[in-house]
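Biologist: I would like to learn how to read a structure like this one. Could we take it feature by feature?

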Amino acid sequence: MRARGYLVWTDDFRAASRPKMTEKRQFRAIKGTRDILPPDSALWNWVEQTAREVFETYGFRDIRLPIFEETELFARSIGGESDIVFKEMFSFLESRAIELPQSPSIGRILQLAELVNGAWERGEIPKTARNEAEFGRLSHAHQQLQSGPFVPLAAMTAPNRDGLETAVQLLATILDSAGELGVQTSLRPEATAGSVRAYIEHGMHALPGNVKLYYTGPMFRRERPQKGRYRQFYQIGAEVLGPSDAPAIDAEILEMLLVFFARVGLTKTTLYVNSIGCKACRPKYVELLREELRKVKDQLGPDSQRRIETNALRVLDSKLPHEQPIIETLPRISGHLCPACSEHFSKLKDELKLRNLAYQENWRLVRGLDYYTRTTFEVTAEGLGSQNAVCGGGRYDGLVELLGGQPGVKGIGFAIGTDRAILSIQESGNLPRLPGLAVFVAWMGAKAYPVAVSIARKLRNRGFAVELPPEELKFKKSLGLADKLGARYALIIGEDEAASGTYTLKRLADAEQKKLSETDLLEHLESERRGPHA
Ligand code: ATP
Ligand code: MG
């Protein structure tokens with residue numbers, strides 16, 4: 001939107017390109033995003049609340065992270081070769097280091113180049129890889145402009161078309177590059193990178209023991225939307241960071257995960273585990289795998305063919321039917337783990353048995369992200385079609401150091417796909433009974449109204465969900481609305497009740513009716529809440 005057209009970039013041009021806002025139109029949520037409406041939102045809240053409760057019993061505490069971070073953080077941690085970083089991130093330039101001139105003239109652009117030079121030398125522009133490249137481009141253009149044989153500065157004033165065009169191009173480059181300088185940011189596609197960044201930034205390695213964190217919130221990936229796959233989706237995740245990589249840590253978070261799934265009624269889940277080795281053993285295995293893959297290259301699809309060289313492990317992840325028999329013949333990592341990784345994996349399996357956690361080994365489980373080491377796992381659930389993974393995770397022992405933190409810090413974590421977990425709960429039909437509207441206050445008459453206002457507040461104070469109609473309704477209409485809103489009780493307050501200081505409480509399920517004093521009413525509702533139907 002900028003620079004190339006700078007010669008016409010005037011206030012007139014801006015005004016002309018401003019959209020007309022007078023015509024009526026309707027808006028829809030952006031493709032791949034969706035609204036979570038009541039009553040579904042209650043199920044979402046319950047699922048997230050259950051995760052909080054379960055995770056906190058395991059000593060995890062909430063961390064709230066920014067929704068966007070430096071793009072380089074993701075590129076380094078997730079891996080520049082991964083699809084997520086390579087093509088799925090929503091990125092934008094945040095905090096431009098240099099403000100661009102409003103209507104740039106040649107003189108001003110050259111001044112700008114000097115300005116940027118100075119700012120760069122004083123270290124005012126973040127030295128990100130991207131900024132280094134942009135600055136290089138800018139310096140090059142600037143130098144050429146000043147000394148290049150093609151473009152004597154005189155060409156600006158003399159009617160030398162070629163010289164002028166080249167100069168204009170160089171100036172456009174300067175403007176372009178200067179405009180790019182700043183911090184390139186992306187909406188987070190996952191939250192492990194942010195968690196680790198925060199762990200390092202706040203010196204959490206100095207905290208006692210292992211640091212256990214959990215988070216909930218939206219993630220963003222520009223994927224092809226389909227059932228269970230969105231561009232804005234939600235995760236509930238947890239991370240353990242610290243000096244120890246004991247297999248019991250891995251087993252404990254898997255226990256916590258399965259306890260959570262059971263608690264939200266997702267019982268038909270399958271846990272798959274694998275070990276993908278470490279820096280010592282994985283490269284050798286990957287090389288072997290690559291050699292074998294090269295032999296069968298022409299039988300593979302284009303994605304797998306490309307991955308042989310860029311990310312050979314990911315070929316094992318392929319879902320293409322015709323590749324399956326070929327993949328089955330490939331060498332398996334289990335036979336190539338170093339003694340330390342092999343022992344870690346077998347201790348993990350012992351720990352899982354100790355905890356009575358059912359699992360299946362899956363040697364093809366390599367996970368999408370580059371940073372994993374040793375333990376990887378995935379949980380699948382029913383009712384989701386081909387998007388059946390509800391949780392993925394694994395160990396990432398080198399990530400803290402890779403992101404500039406304390407060497408030797410180990411890490412493991414997982415992320416549950418909340419959207420899919422909820423879809424699966426809905427498909428199972430095994431829905432929880434969530435408390436809805438408790439009391440609808442059916443008041444009639446001016447004398448009843450103050451009583452209604454007062455009792456509504458008292459009930460709400462005790463935690464009951466109460467609906468108080470803002471305008472007087474006819475008796476029949478009032479009860480009809482109470483029913484439609486799903487209230488458990490209608491509290492009838494007419495002139496009689498108001499005069500006698502009593503209430504008529506009607507249970508809507510069976511129309512049972514009781515006349516009660518205020519004290520009895522409160523007691524009755526409290527006991528009903530504590531009872532089996534709470
Ligand atoms: P998949 O193989 O399904 O693309 P992934 O390996 O990309 O998953 P992770 O990065 O490990 O997934 O994220 C953990 C979980 O987040 C997944 O198991 C899934 O439940 C959920 N998830 C990932 N991407 C999406 C998405 N675009 N929409 C909804 N949920 C998602
Ligand atoms: Mg994915």
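Biologist: Which side chain does E180 join in a polar contact, and at what distance?

Modeller: A word first: this is a predicted model. In it, the side chains of E180 and R130 are joined by a polar contact of 2.7 Å. E180 itself belongs to helix α7, which covers residues 161-180.

Biologist: Is E180 buried or exposed?

Modeller: Buried means under 20% relative accessible area. E180 has 18% relative accessibility, so E180 counts as buried.

Biologist: How far apart in space are Q49 and T216?

Modeller: Separation in sequence and separation in space are read as two numbers. Q49 and T216 are 167 residues apart in sequence, and their C-alpha atoms are 10.0 Å apart. For E94 and V451 the numbers are 357 residues in sequence and 55 Å in space, again C-alpha to C-alpha.

Biologist: Now the rings. How is an aromatic pair described?

Modeller: Two values describe a pair of aromatic rings: the distance of the centres and the angle of the planes. Centres must lie within 6.5 Å for a pair to count. By this rule the count comes to nine aromatic pairs. One of them is formed by W443 and Y449, with 4.5 Å from centre to centre and 50° between the planes.

Biologist: Why is the pair of W443 and Y449 called tilted?

Modeller: Planes under 30 degrees apart count as stacked and over 60 as edge-to-face, so the rest are tilted. The W443 and Y449 planes, at 50°, are tilted.

Biologist: Are W443 and Y449 buried or partly exposed?

Modeller: W443 counts as buried because its relative accessibility is 7%. Y449 has 34%, so Y449 counts as partly exposed.

Biologist: Which residues do ring pairs link into a cluster?

Modeller: The cluster holds F55, F60, Y214, F260, F261 and F414.

Biologist: Which charged residues lie over a ring, at Y230 and at W120?

Modeller: Here the reading is the distance from the charged end to the ring centre. R34 lies over the face of Y230, at 4.0 Å from the ring centre. At W120, the charged end of K127 sits over the ring, 4.3 Å from its centre.

Biologist: Next, the ligand. How many residues surround ligand 1, and which are the closest?

Modeller: Ligand 1 is surrounded by 15 residues, and R221, E223, R229, R367 and A389 are the closest. By type, the shell divides into six nonpolar, four polar and five charged residues.

Biologist: Which elements supply the shell around ligand 1?

Modeller: At least two residues each come from β6 (232-242), β10 (389-395) and β11 (410-417). β10 gives the largest share, with four residues.

Biologist: Where do polar atoms of E223, Y230 and A389 lie relative to ligand 1?

Modeller: For each, read which atom is involved and the distance. E223 places a polar side-chain atom 2.6 Å from a nitrogen atom of ligand 1. Y230 has a backbone N or O atom 2.9 Å from a nitrogen atom of the ligand. A polar backbone atom of A389 is 2.7 Å from an oxygen atom of ligand 1. As for cover, ligand 1 on its own has 580 Å² of accessible area, and the protein covers 87% of that.

Note on methods: Residues are numbered from 1 along each chain as its sequence is written. Chains are lettered from A and ligands numbered from 1 in the order in which they are written. This is a predicted model: local features need pLDDT of at least 70, side-chain atom pairs count only at pLDDT 80 or more; totals for chains, interfaces and linings use all residues. Side-chain values use heavy atoms; hydrogens and water are left out. Rings of Phe, Tyr and Trp (its six-membered ring) pair if their centres lie within 6.5 Å; planes under 30 degrees apart count as stacked, over 60 as edge-to-face and the rest as tilted. Buried means under 20% relative accessible area, exposed over 50%, partly exposed in between (1.4 Å probe, protein chains only). A charge sits over a ring if NZ of Lys or CZ of Arg is within 6 Å of the ring centre and within 35 degrees of the ring normal. A residue is near a molecule or strand if one of its heavy atoms lies within 4 Å of it. A polar contact is a pair of N or O atoms within 3.5 Å; within protein, one must be able to donate a hydrogen and the other to accept it, and residues adjacent in sequence count only if both atoms are side-chain atoms. Accessible areas come from the Shrake-Rupley method with a 1.4 Å probe; for residues, only the protein chains shown count as cover. Ala, Val, Leu, Ile, Met, Phe, Trp, Tyr, Cys and Pro count as nonpolar, Asp, Glu, Lys and Arg as charged, and the others, Gly among them, as polar.
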